[in-house]
Amino acid sequence: MKYCYVFSAALISVLPVTVNAETISSAPVTASTLLQTIFGLIVVLAVIVFLGWLLKRSQFFHAAHHGHLKVLGAISLGTREKAVLIQVGDQQLLIGVTPQQINTLYTLPEPLSVREVTIKNNDSFADRLKQMMQQRGNS
């Protein structure tokens, strides 16, 4: 511990005590350096936002991309509670989701058949409504 005090005292004694005013020849902050700093900051923030957006849009990091986990359906049970049917591999689970926790409600012994609804991007709202009305009439 004594060596630490001796070392710090020696270090302080080596440092110059006075600063010569002549060493600073120009103003430290000019308009061009300030604009350059602000522009650099904006570029760095834009790159961070772009990379975040790119990672969010890419499906590489999502488990659903690899086909291991799929949400088959969900129903609202209250203002902040849901029952969700998910498929993990070949097994289907009914889970309850609340803001505080997630619980497994039931494990299905055999998977339910889930029909997939494909919506074309060029369909209008009227076409989709007509298709849904026809499906509802048939079932």
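Guide: V47 is found in helix α2, which covers residues 31-57. Please bear in mind that the model is predicted. At a relative accessibility of 42%, V47 counts as partly exposed, because the value falls between the 20% limit for buried residues and the 50% limit for exposed ones. V47 also belongs to a nonpolar patch on the surface, which it forms with F39, V43, F50, L51, W53 and L54. Together, these residues have about 700 Å² of accessible area.

Helix α2 also holds T33. With a relative accessibility of 33%, T33 is likewise counted as partly exposed. The side chain of T33 reaches the backbone oxygen of T30, and the distance is 2.9 Å.

The secondary structure of the protein chain comprises 3 helices and 4 strands. Read from the N terminus, the elements follow the order α-α-β-β-β-β-α. The chain has 139 residues, of which 6% count as buried. It exposes about 12,900 Å², and carbon and sulfur atoms supply 65% of that area. Among contacts between residues at least 6 apart in sequence, 3% join residues that are at least 24 apart.

Q92 has its place in strand β3, which spans residues 91-97. Its relative accessible area is 2%, so Q92 is buried, the cut-off being under 20%. What surrounds Q92 can be listed by its contacts: leaving aside residues up to four places away in sequence, Q92 touches L72, L85, I86, Q87, T107, L108, P111, L112 and V114.

The last element to consider is helix α3, which covers residues 125-138. This helix has 14 residues and reaches 20 Å from its first C-alpha to its last, close to the 20 Å expected at 1.5 Å a residue. The number of buried residues among the 14 of α3 is 0, so the helix lies largely in the open.

Notes
Residues numbered from 1 in each chain as written. Predicted model: local features only at pLDDT ≥ 70, side-chain atom pairs only at ≥ 80, totals over all residues. Heavy atoms only, no water. Helix = DSSP H or I, 4+ residues; strand = E, 2+ residues; numbered from the N terminus. Buried < 20%, exposed > 50% of the residue type's maximum accessible area, 1.4 Å probe, protein only. Contact = heavy atoms within 4.5 Å. Areas by Shrake-Rupley, 256 points an atom, 1.4 Å probe, with all protein chains shown as cover. Patch = residues over 30% accessible without salt bridge, like charges linked within 9 Å, V, L, I, M, F, W, Y side chains within 5 Å. Salt bridge = Lys/Arg side-chain N within 4 Å of Asp/Glu carboxyl O. Expected span 1.5 Å × (residues − 1). Polar contact = N/O pair within 3.5 Å; in protein donor to acceptor, adjacent residues only side chain to side chain.
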